[in-house]
Amino acid sequence: MIGSGFGYSYINKRIEMGFDIMQTILGQKLNLVSIGLSSKVIWLSVMRKQTLKTFILDMIKQDQLFDKGVDEDGDVIGTYSEFTEKISPEKVAGTHYTLKDTGDFFDSFYIDVFPTYFEINANPIKTDQDGDTENLFYKYGEGIMGLTDESMEKLSREILRLYQIEVRRFLKI
């Protein structure tokens, strides 16, 4: 538009870009940020950390099973009888099961990570000194390797903390 005012001429011109910004270096950087900050990418990065996997498994094995003897619902799995105490004095009558007799069950725990979830797995087959086997999942339920509400809250806080670190690392802030 050409016009005048107060003795001055001026021209207003609309400027259109003749290129696609996404085809520039800036566009490539913007694309990397959008890919890098996608929730799936951050999820996988955070969940694949061995420290987080250890954190999760320690909550189940130590906090829930060993310390409290509870399944994912917070229910006590069972308690030792007086007869059990007589044949195994380290198992005090009235105290909760730990499921750590030989350590094989605890040692078999592992975590598989997928794009939108993770699975906690373990080998539930226990062999006694006589060679007899039993399936701990059949006996106590698969909930023995799940997370209680309290553990889920702890895990949520830890994942949020790690997400924040990962985003800051990616953005270099």
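This is a predicted model: local features need pLDDT of at least 70, side-chain atom pairs count only at pLDDT 80 or more; totals for chains, interfaces and linings use all residues.
Residues are numbered from 1 along each chain as its sequence is written, and side-chain values use heavy atoms, without hydrogens and water. Local features need pLDDT of at least 70 and side-chain atom pairs pLDDT 80 or more, while totals for chains, interfaces and linings use all residues.

**View 1. Confidence along the chain.** Mean pLDDT (the predictor's confidence in each residue, from 0 to 100) is 84 for the chain, and 79% of the residues score at least 70. Helix 3 (residues 50–68) has the highest mean, 97, and strand 1 (residues 2–5) the lowest, 49. Helices (H or I, at least four residues) and strands (E, at least two) are DSSP runs, numbered from the N terminus.

**View 2. Backbone at Leu-99.** Leu-99 lies in the loop between helix 4 (82–87) and helix 5 (104–107). The phi of Leu-99 is near 65°, a positive value in a residue other than glycine. Most residues other than glycine have a negative phi. Leu-99 is buried, with a relative accessible area of 12% (buried: under 20%, 1.4 Å probe, protein chains only).

View 3. A pocket is an open set of points on a 1 Å grid over the protein atoms alone where a 1.4 Å probe fits, with protein on both sides within 12 Å along at least five of seven lines; lining residues have an atom within 4 Å of a point. The largest pocket has a volume of about 320 Å³, the space filled by probe spheres set on the points. Its lining has 13 residues, with Lys-91, Asp-101, Lys-126, Asp-128 and Gln-129 closest to the centre. Strand 5 (125–127) and strand 6 (133–135) each supply at least two lining residues.

Key:
Buried means under 20% relative accessible area, exposed over 50%, partly exposed in between (1.4 Å probe, protein chains only).
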